[in-house]
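Trainee: I have a new structure open and would like to walk through it with you. Could we take it piece by piece?

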Amino acid sequence: MKHFKNLILLFLVTSLLFTGCAKPSGQAAPSKDGAATAGQFGPPTAKEDSSIAVEVIHIETSEAVKEYQTVGTLTVSEEINVSGNTSGTVKSVNFDVGDTVAKGDILYTLDSADLENSLNLSKSKYEKSVSDAATTLADQQENFNNTKILYEAGAASKTEYDAALTSLNQAKSNYEQTVKELDAHNYSAASSLNDTIIKSPIDGIVSSRNIEPGEMTGGTDFIIIKADPILVQTTVSEEFINSISVGDKAKVSVQDEEYTGTISRISPVGENGSNIYPVELSLSNKKNILKPGMFAKVFFEVEKIGNQILIPKKSILTDDGKNYVYIAEDDKPKKITVEKGFTQDGMVQILRGLNTGDQLIIKGQEYITEGASIRIVN
């Protein structure tokens with residue numbers, strides 16, 4: 001019994017020893033050297049290197065393009081209302097809204113059965129008139145020939161000869177007239193039948209269809225729009241209107257996609273008598289991605305300036321109304337007051353304060369002060 005108690009005591013002591021040596025759960029292992037992770041910018045923690053990680057760029061000069069920005073709306077370059085030259089019952093319709101059509105495509109047809117019957121009946125009458133006139137002409141030609149023989153033989157008078165010649169000429173005139181009437185009828189009939197086949201007058205897209213088979217035509221049956229090229233309608237203020245010309249290129253942004261437009265028209269008169277001038281640009285739209293009514297941003301290039309210092313807008317800090325940046329000089333940050341020019345596409349023109357070759361701090365600058373210890377990690 002005593003030996004059994006000693007065994008229990010030994011087991012408890014051993015368990016306590018193992019429990020005391022185990023690492024507490026959930027405690028993170030320390031980093032190997034306590035250094036800052038590459039790509040992190042900002043103040044170090046107590047266990048990190050005391051220097052502040054920053055990223056820099058070397059300043060160089062480049063050509064700056066000064067732009068004038070405005071907004072506009074996309075619109076079609078052409079819109080045609082299509083209706084037939086004759087009224088009738090619609091027989092077939094070949095296109096619907098949104099379909100692409102080519103010039104000459106048959107949009108719809110009219111029932112021409114009654115018209116064809118009427119035209120055929122009229123044609124028969126004209127053909128009979130031609131036939132009768134031809135018979136009369138043949139008879140008069142024979143009569144004249146006989147009279148001429150008799151006249152030359154002295155068996156017919158000059159009066160009879162002249163009468164036979166007059167009748168022949170009249171018969172020729174009547175025949176020629178009936179032939180012209182038949183030709184005119186045939187031309188008119190072909191035109192009337194052609195009017196029952198309505199074709200698209202332009203290449204474009206069906207934007208409206210107002211007829212169905214079995215209905216009577218009336219008003220505008222189809223509307224066809226031409227959206228390639230598509231137009232941008234915008235305005236420019238008097239300050240910049242003389243800086244652009246017809247034929248100039250301009251950058252156009254639609255739904256965050258960038259396109260190149262060409263100025264096709266500049267109004268010489270302000271809108272509603274104001275100092276805002278309407279301007280039209282043309283854009284290629286072969287895939288019909290751009291739709292009428294879409295909103296567009298337009299950027300007109302009004303001036304190019306060489307040898308300019310442009311820096312990222314995010315690198316500039318502001319204190320008490322003054323703009324400043326930090327440059328890296330001998331591994332130390334130096335605070336530089338700068339004078340800004342225009343801002344464009346996230347870049348700022350610097351008029352004074354920076355020089356070519358300066359190492360501009362563009363990341364981590366908000367965490368440093370002049371004279372602090374920094375390390376460049378880019």
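Trainee: Is Ser-284 buried, partly exposed or exposed?

Mentor: Ser-284 is partly exposed, because its relative accessible area is 49%, and the classes are buried under 20% relative accessible area, exposed over 50% and partly exposed in between, with a 1.4 Å probe and protein chains only. Before we go on, keep in mind that this is a predicted model, in which local features need pLDDT of at least 70 and side-chain atom pairs count only at pLDDT 80 or more, while totals for chains, interfaces and linings use all residues. Residues are numbered from 1 along each chain as its sequence is written, and side-chain values use heavy atoms, with hydrogens and water left out.

Trainee: Okay, and where does Ser-284 lie?

Mentor: Ser-284 is in the loop between strand E13 (276–283) and strand E14 (295–312); helices (H or I, at least four residues) and strands (E, at least two) are DSSP runs, numbered from the N terminus.

Trainee: Which residues does Ser-284 touch, leaving out those up to four places away in sequence?

Mentor: With that exclusion, Ser-284 touches Asp-228 and Leu-290, where contact means heavy atoms within 4.5 Å. Separately, Thr-260 is 24 residues from Ser-284 in sequence, and the two are 8.3 Å apart in space, C-alpha to C-alpha.

Trainee: Switching to sheets, what order do E4, E6 and E7 take?

Mentor: These 3 strands form an open sheet in the order E4-E6-E7, with antiparallel pairing, and two strands pair if DSSP finds at least two bridges between them. The edge strands are E4 (90–93) and E7 (197–199), each of which pairs on one side only.

Trainee: How many bridges join E4 to E6?

Mentor: There are 3 bridges between E4 and strand E6, residues 106–110, and the two strands run antiparallel. As an example, the bridge partner of Val-90 in E6 is Leu-110.

Trainee: New topic: how many salt bridges does the structure hold?

Mentor: The structure holds 10 salt bridges, a salt bridge being a side-chain nitrogen of Lys or Arg within 4 Å of a carboxyl oxygen of Asp or Glu. One of them brings together the side chains of Lys-363 and Glu-55, at 3.8 Å from N to O. That pair links distant parts of the chain, since Lys-363 is in strand E20 (residues 359–363) and Glu-55 is in strand E1 (residues 52–58), 308 residues apart.

Trainee: What about Asp-132, which residue does it form a salt bridge with?

Mentor: Asp-132 forms a salt bridge with Lys-128, and their closest N and O atoms are 3.0 Å apart. Both residues lie in helix H2 (residues 113–153), 4 residues apart, which is about one turn of the helix. Asp-132 is partly exposed, with a relative accessible area of 39%, whereas Lys-128 counts as exposed because its relative accessibility is 52%.

Trainee: And where do Arg-265 and Glu-280 lie?

Mentor: Arg-265 and Glu-280 form a salt bridge whose closest N and O atoms are 3.8 Å apart. Arg-265 is in strand E12 (residues 257–266) and Glu-280 in strand E13, 15 residues apart, and the pair links distant parts of the chain. Arg-265 counts as partly exposed at 37% relative accessibility, while Glu-280 is buried, with a relative accessible area of 13%.

Trainee: Now the rings: how many aromatic pairs does a search of the whole structure find?

Mentor: That search finds 5 aromatic pairs; rings of Phe, Tyr and Trp (its six-membered ring) pair if their centres lie within 6.5 Å, and planes under 30 degrees apart count as stacked, over 60 as edge-to-face and the rest as tilted.

Trainee: Why is the pair of Tyr-68 and Phe-240 called tilted?

Mentor: The planes of Tyr-68 and Phe-240 are at 35°, with ring centres 4.4 Å apart, so the pair is tilted. Tyr-68 lies in strand E2 (residues 61–75) and Phe-240 in the loop between strand E10 (230–237) and strand E11 (249–254), so the pair ties together parts 172 residues apart in sequence. Both Tyr-68 and Phe-240 are buried.

Trainee: How are the rings of Tyr-108 and Phe-222 arranged?

Mentor: Tyr-108 and Phe-222 form a stacked aromatic pair, 5.8 Å centre to centre with 10° between the planes. The pair links distant parts of the chain, with Tyr-108 in strand E6 and Phe-222 in strand E9 (residues 222–226), 114 residues apart.
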